[in-house]
Amino acid sequence: MSELLSLTRAARLIGVARSELQRKIRHGEMISHDGMVNIESLLICYPDAQLEDTVEFRRITQIKERAFGKRVVEYVLPDAEVLAARITELSTMLANSQGQVRQFNALLDRLWAKLTEIEAQPDTVPRLTMENLKTWLKNEVKLSMEPGLNNSLAIKDSVLRIMTAQVTVLPSKHDFLLEGHDTILEAAMRSGIPLDYGCSGGNCGLCKAKVLSGEVKKTRHHDFVISEAEKNQGYILLCSNTAVTDVVLEAPVAGSVQDIPFQQISAKVKATGLITDDKLLLHLQTPRTQRLRFLAGQRLILRVGQSFSEELPIASCPCDDRNVLFHISRQSGNLFSDYVFDRLREHDVVEMEGPHGEFILHEKSSRPLYFFAFDSGFAPIRSLIEHALSLEAENIHLHWFGSSQKHIYLPNIAHAWKDALDNFHYTEHVAGFDLRSVSGKREETLMSQLESISTQDANLLQGDIYIAGSEDAVGIAEQFFLGKGLPKTRVSVECLK
Ligand code: FES
């Protein structure tokens, strides 16, 4: 049996999402050995896999780049010393393999000589049987020497090992690939893994973790001091180190909102831009040394001007902790929205407090994800979807209901996801009435729209449901799904003002 590969590495080799392999294992279509697979099992499931067959992977990468809030993702070679160490490790493996091949060849020669000797002896084995055996052996040796798909995947795996290292986090058992110049912390964030951290700049020590196996290298300076005793035990800062080889770490991962500390950060306006005449995109940037930790779907309190404040859902992904986005609606008489629309300028300071809220993704669930956004409910839903894409969720459905077409204010984003990913499904629904006020006839209309979606999609009631928007619309949708027998744990709601 060939070497076992982690699911993360195997998915990268074949060019599919990790969740697809997990599904195949769950359904008994692929054999796994303690969560690992070998190349033979991969080829049974993907007999047509090609060395270049990375279309799906590229699609996911493309989407991930967008999910990073336009942060520049560099596809560069790792640090020279890291590269040298990885090549040295592979060279050792190659030398060992060559030694083994030489031994096997010598063994084959001896076997051949022995067979020939037996063949020459009279009355031992019938001559015909011996000839058949030798012909079979010759063919088998020839076949095993031919470059095949198995070899192609093995070569690709070797290249992947030079360009990337796998990081496994215990006790949570998360794993992810680290590429290019990334620190371990950056690579974890790109993959949607919420490791503990604070400043991202080597000052606070909150990202301290213990290396259990593998080799790491410090690539960024840090002021935080790790004692000699801790260094000897393998402690490092994740924001200052990269992985040279595959690494296993002991590090805490945020599993719930309680694991995220309350933060107060003075951010600056990076940009504002009108999306429609009454909807504005606010882009805030935190200081380099004080980034925002949050879980996708959470809210922040923003303070502008004298003391105009509002609690708003974050409309971006935690994978970009410096660039935080909000969708602001103009509401007449609301001093906060008036200030943001009329007076807030680039570089102005905005105080951020939080995060708050429990509208977060159930990451351990493998059920399909169904998102229902009502008007501005798209903001927290966008954050959740971008996070789900970082995690390579297998099956994502977005239904965006607008009071009018104009209220579906960023359709290009949803269309881009749909165009780029086979597993992303997007449908727009125009209600034709104000979704902030839904009762009587309107309630019946909304219920019948939901009924129609449910009838057309047999998997809907097997999924996890996330609903965000005005209290009225969210209440009706929640009631609809609970009425269909879904437990409350599978229907998550977020009511916006
Ligand atoms: S996150 Fe502060 S030292 Fe690493």
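In β17, Phe401 is the bridge partner of Phe374. Residues here are numbered from 1 along each chain as its sequence is written. The model is predicted, so local features need pLDDT of at least 70 and side-chain atom pairs count only at pLDDT 80 or more, while totals for chains, interfaces and linings use all residues.

Let's step back to the sheet. Five strands form an open sheet in the order β18-β17-β16-β19-β20, with parallel pairing. Its edge strands, β18 and β20 (491-496), each pair on one side only. From one strand to the next, the twist averages 10°. Strands (E, at least two residues) and helices (H or I, at least four) are DSSP runs, numbered from the N terminus, and two strands pair if DSSP finds at least two bridges between them.

| Strands | Sense | Bridges |
|---|---|---|
| β16 and β17 | parallel | six bridges |
| β16 and β19 | parallel | five bridges |
| β19 and β20 | parallel | six bridges |

Now look at β16 (residues 369-374): six of its six residues are buried, meaning that 20 or more other C-beta atoms, placed from the backbone, lie within 10 Å of a residue's own. In a regular strand, side chains alternate between the two faces of the sheet. On one side of β16 sit Leu369, Phe371 and Ala373, and on the other Tyr370, Phe372 and Phe374.

Note on methods:
Axes are lines fitted to C-alpha atoms, for helices over the stretch in contact, and angles run from 0 to 180 degrees between N-to-C directions. A residue is buried if 20 or more other C-beta atoms lie within 10 Å of its own, exposed if 12 or fewer, and partly exposed in between; C-beta atoms are placed from the backbone.
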